[in-house]
Each structure stands twice: as structure tokens, then as C-alpha cells.
Amino acid sequence: MKIQGKMFMWLSVFVLVMAVVYGVWSKEPAGTTALFLAFGLCIMIGFYLGFTAKRVDVGAQDDKEADVADDAGEVGFFSPHSWQPLSLAIGGALAFLSIAIGWWLMYFSLPIILIGVWGWVFEYYRGENRTQ
């Protein structure tokens with residue numbers, strides 16, 4: 001994690017230099033502001049990764065003598081049969097469609113989104129998947 005923090009810090013220096021060059025050269029405020037905001041985001045991410053790297057064990061990516069197999073292992077649990085993302089996608093599509101068609105459509109999309117979020121959060125607290 002230490003190397004990722006350093007990479008983001010160097011990226012933030014590059015983005016800052018490019019923001020200054022772009023701002024002086026183009027005199028266009030929108031792009032200059034976007035580049036300065038990107039600089040701020042890079043600083044935040046780099047600081048977080050560097051801050052976290054000091055408090056966790058050294059990972060295989062920080063060891064110069066490590067093999068690829070040293071970082072192998074279980075990444076996490078991913079549900080292979082969940083229908084909840086489909087309901088969230090339908091609700092999200094209706095919500096974004098409500099911007100184009102009319103805000104009244106949001107009344108129909110919000111319950112679908114809430115049902116999808118509720119089902120996704122409590123998916124493994126009931127039914128046959130309760131023990132996983």
C-alpha cells in the first residue's frame with residue numbers, strides 16, 4: 001500500500017504542474033478548476049493510502065523480493081446468484097430517466113431502489129442462504 005500512496009503523491013505533483021501550465025496558457029476557468037480539483041483528489045487518496053500503510057502489515061506489493069503467489073488468497077465473498085443488482089439497475093435507470101421525462105417518475109423508481117437495497121443488505125439473513 002505504501003507504493004500506491006507514493007504513486008498518488010507523484011501524480012498529484014504532476015497534476016498540479018499541469019493545472020498551473022493549463023491555467024496560464026489557456027486562461028479557461030472550467031478546465032483549470034477541474035485540474036485543481038483533480039490535484040486535491042490525488043492528494044487525498046495519496047495521503048489516505050500512506051496513512052493506512054503505516055498502520056497495516058506490509059503487503060506483498062511492498063516487498064521487492066515477493067512473488068506473485070505471495071499476494072494470492074481469498075479476495076472476498078461475492079454472491080453468485082443475487083437478483084438485487086437487477087432491481088437496483090432498473091430503479092436507477094428509472095430515476096435517471098425521470099430527469100429527462102419528468103420528476104413524477106421518481107415516485108415509481110424510489111420504491112424499487114429501496115426494495116433492491118433492502119434485499120441486498122439482508123440477502124444472507126433469511127432463507128436458504130442464512131448460514132453463509
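Trainee: Which residues gather in a patch of positive charge on the surface of this predicted model?
Mentor: Patches take residues with over 30% relative accessible area and no salt bridge, like charges being joined within 9 Å and nonpolar side chains within 5 Å. The model is predicted, so local features need pLDDT of at least 70 and side-chain atom pairs pLDDT 80 or more, whereas totals for chains use all residues. Residues are numbered from 1 along each chain, and side-chain values use heavy atoms, without hydrogens and water. The patch of positive charge gathers Lys2, Lys6, Lys54, Arg55 and Lys64.

Trainee: Is lysine 64 buried or exposed?
Mentor: Lysine 64 lies in the loop between helix H2 (29-53) and helix H3 (84-101). Buried means under 20% relative accessible area (1.4 Å probe, protein chains only), exposed over 50%, and partly exposed in between. Because its relative accessibility is 80%, lysine 64 counts as exposed.

Trainee: Which residues form the nonpolar patch on the surface?
Mentor: One of them, phenylalanine 14, has its place in helix H1 (residues 2-26) and is partly exposed, with a relative accessible area of 49%. Together the residues of the patch have about 880 Å² of accessible area. They are Trp10, Leu11, Val13, Phe14, Val17, Met18, Val21 and Trp25.

Trainee: What is the radius of gyration of the protein?
Mentor: The secondary structure comes to four helices and zero strands. The globule rule, 2.2 Å times the number of residues to the power 0.38, is compared with a radius taken over C-alpha atoms. For 132 residues the rule gives 14 Å, and the protein is well over that, so it is more spread out than a compact globule, with a radius of gyration of 22 Å.

Technical notes: Accessible areas come from the Shrake-Rupley method with a 1.4 Å probe; for residues, only the protein chains shown count as cover. A salt bridge is a side-chain nitrogen of Lys or Arg within 4 Å of a carboxyl oxygen of Asp or Glu. Lys and Arg count as positive and Asp and Glu as negative; His and the chain ends are not counted. The place of a charge is taken as NZ of Lys, CZ of Arg, CG of Asp or CD of Glu. Helices (H or I, at least four residues) and strands (E, at least two) are DSSP runs, numbered from the N terminus.
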